[in-house]
Amino acid sequence: MSKDDSSSNVAIACQGGGSHTAFTAGVLQRLFDEFPSDRNLVGISGTSGGAACATLAWYGLNHPNRTPRELLSGFWEDLGASSPLDRTVNTLVRWNVTLRRMGVPLPETSPAHSPVARWGQDELRRLLERYVDFEELPDLLDGTEPALLVSAIDVLTGEFELFRGNDLSVDEVLASAAEPHLFEAVPVDGHYYWDGLFSKNPPMKDFLTQSDIPDPDELWLVEINPQRRSEVPTTREEIDGRRNELSGNLSLNAEVGFLEAVNGWIEEGYLPDDFTHTDIKRIRFPRRRRLSWRTKLDRDPEFLDELMDDGERAARAFLEEL
């Protein structure tokens, strides 16, 4: 993916969304199977589930004996609830969600006091370490690889944190995936972090502001939460779902707004000629899938496989339109 005079610099940004980011895994598999020869990848970013997908794809691109497809497919296959214990936990989670939706009063348990939450977080750690050897990263990198950006938020200060691939640890990926209702805050260097959905979802403007990353001519945004709905939500389930979508898009829209503002300043001639116009291209979650937001917690293997297939189809159509 070396750049020549005729190629365009591309960055890929992956929005978070729990189990729904199996769609992102399918997208990235197809994109990197058929990455256009006239594009040069300068970076990939992600938040929460999008951060896990971005990290796996980036690691596969840089590893001499691994590929993004191999790592992404293996990770999501192992993440699926296939063992008896996993299936039991997944069923309990779905029943818990269903009963709460019906108004059944159930005891609230903090992740800090939940053995299931600790087990889930530990399992995710082991799974990430199974597919990414974080300790070998310094030996793999030579400074010419695409950038990897992973976001989280400092629980105590409310400040955004951007973790870079050149010194990434498994804790930092877990920090980006630490949804407060599911997992405890993750400590990194004396700070405690939650899910990056509260901050950059996903990081985009950092591709323009980080001095060591070439400004992208195109930003390919893998979007999980729909921007628009055709009807006003009226039921409790519809209202909860739309609130989840809108909250997940708040920071995404802020990041997109920054890029669009810079593009406008360039077009008006307010910025020097060396500033780069960034064309934002979206790969959207299929509208035909009107999934409940609660299925972002569902790890049914068949469901995850369907989402990955959807991602491959969406990426194939996206590449054809290029």
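**Aromatic contacts in the predicted model**

A search of the whole structure, which is a predicted model, finds 7 aromatic pairs. In one of these, the ring centres of Phe-32 and Phe-35 lie 5.8 Å apart and the ring planes meet at 15°. Planes under 30 degrees apart count as stacked, so the pair of Phe-32 and Phe-35 is stacked. Both residues are shielded: Phe-32 has a relative accessible area of 11% and is buried, and Phe-35, at 14% relative accessibility, also counts as buried.

A further aromatic pair joins Phe-75 and Tyr-131, with 6.5 Å from centre to centre and 80° between the planes. The arrangement of this pair is edge-to-face, the class used for planes over 60 degrees apart. Phe-75 belongs to helix 3 (residues 68–79), while Tyr-131 belongs to helix 5 (residues 115–131). The two parts are 56 residues apart in sequence, so the pair of Phe-75 and Tyr-131 ties them together. Phe-75 is buried, at a relative accessible area of 2%. Tyr-131 counts as buried too, with a relative accessibility of 12%. Each of these values falls under the 20% limit for a buried residue.

Phe-32 and Phe-35 are members of one aromatic cluster, together with Trp-220 and Phe-318.

A contact of another kind involves a charged side chain and a ring. Lys-205 lies over the face of Phe-258, at a distance of 5.4 Å from the ring centre.

How values were computed:
Residues are numbered from 1 along each chain as its sequence is written. This is a predicted model: local features need pLDDT of at least 70, side-chain atom pairs count only at pLDDT 80 or more; totals for chains, interfaces and linings use all residues. Side-chain values use heavy atoms; hydrogens and water are left out. Rings of Phe, Tyr and Trp (its six-membered ring) pair if their centres lie within 6.5 Å; planes under 30 degrees apart count as stacked, over 60 as edge-to-face and the rest as tilted. Buried means under 20% relative accessible area, exposed over 50%, partly exposed in between (1.4 Å probe, protein chains only). Helices (H or I, at least four residues) and strands (E, at least two) are DSSP runs, numbered from the N terminus. A charge sits over a ring if NZ of Lys or CZ of Arg is within 6 Å of the ring centre and within 35 degrees of the ring normal.
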